[in-house]
4 protein chains.
Amino acid sequence: MIRVGIYGATGYAGYELLRILVRHPQAEIAFLASESHAGCQYSQVYPCPYEHALVSPEKTPLDRVDVVFLCTPHGASAVLGQRVLEAGAKCIDLSADFRLHDAAVYKQWYGEHPAPHLLDRAVYGLTEVYREQVARADLVANPGCYPTGPLLALYPILREGLLTERKIIIDAKSGVSGAGAKPSEKTHFVNVHDNFSAYNVGRSHRHLPEMEQELASFAQGPVRLVFVPHLLPVSRGILSTIYVSLDPTKAESDILSLWADAYAASPFVHVLRRGESATLAHAVNTNLCALSVLPAGVAGEFIIVTALDNLIKGASGQAVQNMNVMYGLDETMGLI
Amino acid sequence: MIRVGIYGATGYAGYELLRILVRHPQAEIAFLASESHAGCQYSQVYPCPYEHALVSPEKTPLDRVDVVFLCTPHGASAVLGQRVLEAGAKCIDLSADFRLHDAAVYKQWYGEHPAPHLLDRAVYGLTEVYREQVARADLVANPGCYPTGPLLALYPILREGLLTERKIIIDAKSGVSGAGAKPSEKTHFVNVHDNFSAYNVGRSHRHLPEMEQELASFAQGPVRLVFVPHLLPVSRGILSTIYVSLDPTKAESDILSLWADAYAASPFVHVLRRGESATLAHAVNTNLCALSVLPAGVAGEFIIVTALDNLIKGASGQAVQNMNVMYGLDETMGLI
Amino acid sequence: MIRVGIYGATGYAGYELLRILVRHPQAEIAFLASESHAGCQYSQVYPCPYEHALVSPEKTPLDRVDVVFLCTPHGASAVLGQRVLEAGAKCIDLSADFRLHDAAVYKQWYGEHPAPHLLDRAVYGLTEVYREQVARADLVANPGCYPTGPLLALYPILREGLLTERKIIIDAKSGVSGAGAKPSEKTHFVNVHDNFSAYNVGRSHRHLPEMEQELASFAQGPVRLVFVPHLLPVSRGILSTIYVSLDPTKAESDILSLWADAYAASPFVHVLRRGESATLAHAVNTNLCALSVLPAGVAGEFIIVTALDNLIKGASGQAVQNMNVMYGLDETMGLI
Amino acid sequence: MIRVGIYGATGYAGYELLRILVRHPQAEIAFLASESHAGCQYSQVYPCPYEHALVSPEKTPLDRVDVVFLCTPHGASAVLGQRVLEAGAKCIDLSADFRLHDAAVYKQWYGEHPAPHLLDRAVYGLTEVYREQVARADLVANPGCYPTGPLLALYPILREGLLTERKIIIDAKSGVSGAGAKPSEKTHFVNVHDNFSAYNVGRSHRHLPEMEQELASFAQGPVRLVFVPHLLPVSRGILSTIYVSLDPTKAESDILSLWADAYAASPFVHVLRRGESATLAHAVNTNLCALSVLPAGVAGEFIIVTALDNLIKGASGQAVQNMNVMYGLDETMGLI
């Protein structure tokens, strides 16, 4: 059994992680740490039957765990990650702290990095692309919820050099759990329900540099990204509509077959039949990323749609998928 | 033109009141007061085109208004109401401060009353029942959102003495705007959406004494009330399902005709055809209280369903309806 | 491995059943039958990755299955159930066909029973109450979605004879999936969303005789039931608010401890701590029935609230729970 | 008083039109025609208090009306429109029948045009752009719900020739009422709620030729349009996110001021302050088109967001706005 600890266990990602791990046949919960709810039982925090105790982050037995998930905010994660690695455990961080390879870029978006020496050690945990590196890693930076879908969508065409304009438009729509459990104007029911809005328009969303880093790596050169996130009146799920201009000399049917080929061995990328379109319903409450590609009806223009559950494939599910890979287990264990 | 001032203009009731008054052919806005947003324009507070200035409650020209609406919390309303009356204006209070006739009962639920000498002067503004008193009043206590529907439902049978058991069960379901504009755990989208729950079970909701007072007055004697409010995943609307045991010797068809008779001259009580059942859709975004009565299929047992918009008929709409009555205008002016 | 067949596999209960069975370590799908979608793959019917073939009900290998779930409409189920039993397989019926012991009552609500001789053989599959009979049964009548919660709520007090008035009021609220997958006025998004309504008021809902049968059995005598179902703007979940008058001489704390005692060995009844109130969020997407009891604040009056997922504990989950019991497996297998 | 007739009065556009006209001080309902509900009262069709009679389309007194609104499907509208004009009344058609100037383009998308000789007579009723032509028209083709927002967004930049790439991407999201009142898989609550999806991807939505016609007219030359509509889990509202590449030599602040200037005299285009972003909440239940423009953070790239209520500004509200213009009334009459 893999002994698992969780910091930040009472945020949405922590709750989802616990729900997955409770069913995972090879995992056992070693500790659940929470600053805000230390001393409570889990069932007092969320409407669930879990009677696990929540402990203070200061009182966590790091010597008795194999792997630790960090569901803590950026900044805090880097500090905890260092402590976990020093204690000899593996670490899967769900924050942004180890996603960017370049401490200068990190600084621009988040401030001074608390442990820049660990950046080289971290593997970006987009499992389908970096599976081999994840298998050998002891520090995994779990991807952000927004980047996961578009990166899986764009990887097969960028590595083939099929992009003609180096501009990509990502029109993304996320459910409200992406904004976290803390009450705010933005998450007040009356403000969200029956509403729909764009936010952080124009290079201001923190998931942008992470996408730019990975897309440049796939394309072996920088890509101009226009990214507009929107807030959907649903609790869970992200659907991204991605607009690309591809080499018009390439046969349409060759293009349309790229994704099924690229992800044939990836159980959690559900490439839809031709003509179908990915929807939130394909993905919510699962670890799947549903993916569809359709010609725009204008030469060379294609529309890729991805859908995933921001708390599962976009956070805790992908984190457990990475844990499975790190421990040589079946990638789908506990996730189906 | 009636010059109107509003205190607490940036809560939900204030917003709704402004939307109604902007269209009201006989009203003009004299001031909109807000503690939290003084100095802003209204369009900076809500997604609307209203460019009215918000002023501090301290800087309100009470000498240049005819009527003032108080959308302020209980406690604050009593103090402001006194000031408004002293300035010679009429006052319509949407808080609980002037609803209870008995300062001792008020104290039990809200604390010491700030202006108990005004309680006798206040008229309970359930327009359909107290229209004549409202017409002569200068201080109107606008009913609570929960009480309005059940009181309109029960008035025709209680005044006829048709209740056999003196116990009434009110199972009420309200939309989230009833909880106010302030963000909280209770109003977080993820906690409400796809959820449904009872709350304040067992004599703990503050609208209980108000209902008991009025029901006892209708029935000329106390009534045992079991009241369970629930939170619906909608922004607006209250539907109440009311269970009563009536005199089994009375013919069913006589019973079923009581409401249409009682409210024949009340344009905002929409008594449905026999066999129909009131729904939120009958009432939301209108000043109507939709009302239906159906036999339970068990001798003497009846089920009354009322539906209204908690912010309109349950608050601002009824307040304007009262203003219309106070000024001798058509009761429906600005409200259709 | 238990070889499982499903008739009516493309309704909501069938879909849910498939999702549960795909994860069940002791079950394997032998066939999925559908009249409307025979010849399709499952992933063409619902937005899911299941590539199972759907076969015509006429072409089902009944000789190669151990147990069959009937997700077919009443009438059809009785006919299929007879065929399944004759083929030597066990049968779990999710329709109403085997729930009522009395063919005359069945006739009154559904028409002539197609196989009345099987009624005695069927066990009513409310697992927590009839676990021992289910264990020995080869024909299980899975309870209706509405009855499950109230029956679990009322069993502990009715068998103790604590009800003073023999009248029970059940104010129930269900999500839309309870109305089935067929498009209709009632299930049109615009008619349901932001709406809330009572329906089938007054002895007209078909789950009424099933509840009356069981309540009379628990109470050893008839009970007057007032049951009002409502339609909630959510996809899944039923919350029932149940009003009972209990023996006022019994100590409140003794009453409040009845449920935890009755269900101590029942892993899927989640009796909440005192003071907590069951919500849909406690139950949706799980096989749990959450249950809370609160005093009404009026002597002898209590309010019991139950919440469950109508498609899981109210249908497919309870069906698998029964299968587990019938095969001597851990009752929770595949359900957590 | 303007005597108004409505064909197709029981669709969503007809219902909304009635709600507006009931409040309009210069309009009176002459007839409401409905094929499906002739003989009913309006309150039997929708949960409303309107006791107007619905008549068969065959029995409509065209000699006693001044203006007729057609809320009928394409094809039917052209036939009725001809009849209305022959009877000497004015006609405002909410279908697509008179929107396209070219009968050949109409044929490609809808089939043979029933009355092509009327196409020249019709004015495209985008009030803000064609106000003067509308004022003189007796046949107005009310714009589609999707085109209205993007056309208002693009008019100020296309007429100035600021588009560098002649490609425009419109990522549009609509509420479910856009799909009409008829129940279908697409509008089943369970399929829409908590879901989000793209549909009609790739030159297949019928609003495309209408947009291309108008954009080409604004730009004095053809424009490549990539248009992807999505279905939002809300009843009302369309938000369009529009991606354009503009002349990079033009100062950003000059660009950002174009819209406020273009629509200074248009009361129903609500151009937001700089930095704000249009949301559905700005527009739903009003006749406003809210509009915001934000730089994408990449040179020359801009993001325009428009929001409107598909049933009001996108249908019935704009139709009444056109009626007001046709009769020389205040453009806002009955619409605020």
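Between which helix and which strand of chain B is the loop that holds B:Q220? In this predicted model, the residue is placed in the loop that runs between helix 7 (208–219) and strand 9 (224–231) of chain B. B:Q220 is not a glycine, yet its phi is positive, at about 50°. Most residues other than glycine have a negative phi. B:Q220 counts as exposed, because 9 C-beta neighbours lie inside 10 Å, and the cut-off for that class is 12 or fewer.

A second residue with a positive phi is C:R203, which is not a glycine either and has a value of about 55°. The loop that holds C:R203 lies between strand 8 and helix 7 (208–219) of chain C. With 15 other C-beta atoms within 10 Å, C:R203 is partly exposed.

| Residue | Phi | C-beta neighbours and class |
|---|---|---|
| B:Q220 | about 50° | 9 inside 10 Å, exposed |

The chains themselves can now be considered in pairs, beginning with chains B and C. Chain C is superposed on chain B, with an RMSD of 0.0 Å, by a rotation of 180° that carries 0.0 Å of shift along its axis. The two copies are therefore related as by a two-fold rotation axis. Between these chains, 35 residues of chain C are in contact with 35 residues of chain B. On the side of chain C that touches chain B, the elements that give two or more residues are strand 7 (167–174), strand 8 (197–198), strand 9 (224–231), strand 10 (238–245), strand 12 (289–295) and strand 13 (301–308) of chain C. Sorted by class, the residues of this side are 21 nonpolar, eight polar and six charged. Because 100% of the interface residues of chain C are also interface residues in chain B, the copies meet through the same surface.

The other pair to describe is that of chains A and D. Here 35 residues of chain A are in contact with 35 residues of chain D. At least two residues of the side of chain A that touches chain D come from each of several strands of chain A, among them strand 7 (167–174), strand 10 (238–245) and strand 13 (301–308). That side of chain A comprises 21 nonpolar, eight polar and six charged residues.

Key:
Residues are numbered from 1 along each chain as its sequence is written. Chains are lettered from A and ligands numbered from 1 in the order in which they are written. This is a predicted model: local features need pLDDT of at least 70, side-chain atom pairs count only at pLDDT 80 or more; totals for chains, interfaces and linings use all residues. Copies are superposed by least squares on the C-alpha atoms of residues with pLDDT of at least 70 in both. Two residues are in contact if their C-beta atoms, placed from the backbone, lie within 7 Å. Helices (H or I, at least four residues) and strands (E, at least two) are DSSP runs, numbered from the N terminus. Ala, Val, Leu, Ile, Met, Phe, Trp, Tyr, Cys and Pro count as nonpolar, Asp, Glu, Lys and Arg as charged, and the others, Gly among them, as polar. A residue is buried if 20 or more other C-beta atoms lie within 10 Å of its own, exposed if 12 or fewer, and partly exposed in between; C-beta atoms are placed from the backbone.
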